[in-house]
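Dear colleague,

I am handing over the structure below, and after it you will find notes on what was found. Please read them with the structure open beside you.

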Amino acid sequence: MDSGTAGEVRRFGDDGWVGIARHGGFVAELVMDRPKAMNAVSTAMADALAQACAELAADRSVRAVVLSSTHERAFCVGADLKERNSFTDADLMRQRPHTRAAYTGVLELPVPTIAAVHGFALGGGFELALACDLIVADGSAVVGLPEVSVGVIPGGGGTQLLPRRVGAARAAELVFTARRVPAAEAAELGLVDELVADGQDRAQALALAARIARNSPVGLRAAKKAMRLGHGLDLRAGLELEDGAWRSVAFSGDRAEGVAAFNEKRDPDWPGE
């Protein structure tokens, strides 16, 4: 990571493979930094991700999160198969809660999240990106869910998140063939949301996060909750959910400040409550 563009990096786990850096006060960068394994998710790395996400979720000053990688050729290559090769069946079952906590930790962050993807984002690595609200990728990105080629299934949310993103039939083709999708096709299929020049994924994701973070923290959290929980509901139930989210912000300090700032033609100073 370029230390000149971020604050001090707080490390998680004994090996420090996951870090958090702050940008401008309101944007947090969740950094995967296990270079020797291309960010393969071991038990220890899963624990570090879950711990970092728990800290971010509890920090009310955070308004947007960027999930990034320090590796030049990979976002994350998925599960650590070298570690798993030594597992007994009992070991694999013991690991499952650790890995689920990592993927769920990213998925349930209460603020908007953006994955900055370059190089390989495969299996669990792509599932970490899918757990984010938006995915920015550069031209080197290669994404896919190849789990059936090694006898398992996408178990970090992929079978549920991918159909929600690209539809059931497209997701079925991608999961059943286990194929890797290059950046241009990934953008065309909607597997990523924005395609940028090589090496610009992190910069663009941080810029997008900064733009998001200018908005009301109360509004951002409520909007994300309504969209996430409302997906899959019938329209009537979804509108009821939306109404509840509206009521949670309608009488907030942020709403009062937003209206006042608009009428006074100034930037709002969000109280965040």
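A nonpolar core is a set of buried Ala, Val, Leu, Ile, Met, Phe, Trp, Tyr and Cys residues joined through side-chain atoms within 4.5 Å, where buried means under 20% relative accessible area, exposed over 50% and partly exposed in between, with a 1.4 Å probe and protein chains only. Please keep in mind that this is a predicted model, in which local features need pLDDT of at least 70 and side-chain atom pairs count only at pLDDT 80 or more, while totals for chains, interfaces and linings use all residues. Residues are numbered from 1 along each chain as its sequence is written, and side-chain values use heavy atoms, with hydrogens and water left out.

The largest nonpolar core has 50 residues, of which Leu30, Phe75, Val117, Phe126, Leu128, Leu162 and Leu191 touch the most other members. Its largest share, seven residues, comes from α1; helices (H or I, at least four residues) and strands (E, at least two) are DSSP runs, numbered from the N terminus. If neighbours within four places in sequence are left aside, Leu128 is in contact (heavy atoms within 4.5 Å) with Met32, Val41, Leu49, Leu67, Phe75, Cys76, Tyr103 and Val106. There is also a second, separate core of 14 residues, which includes Ala64, Ala116, Val196 and Leu206.

Next comes the backbone. Most residues other than glycine have a negative phi. Met38, although not a glycine, has a positive phi of about 50°, and Asn39, also not a glycine, has a positive phi of about 65°. Met38 lies in the loop between β3 (27–32) and α1 (43–58), and Asn39 is found in the loop between β3 and α1. Asn39 is buried, with a relative accessible area of 0%.

Finally, there are the pockets. On a 1 Å grid over the protein atoms alone, a pocket is an open set of points where a 1.4 Å probe fits, with protein on both sides within 12 Å along at least five of seven lines, and lining residues have an atom within 4 Å of a point. The largest pocket holds about 1,000 Å³ of space, and of the 30 residues that line it, Asp133, Lys224, Met227, Arg228 and Leu229 are the closest to its centre. To this lining α9 gives the most, with 10 residues. The second largest pocket has a volume of about 880 Å³, where a volume is the space filled by probe spheres set on the points, which are joined across faces, edges and corners.

Best wishes
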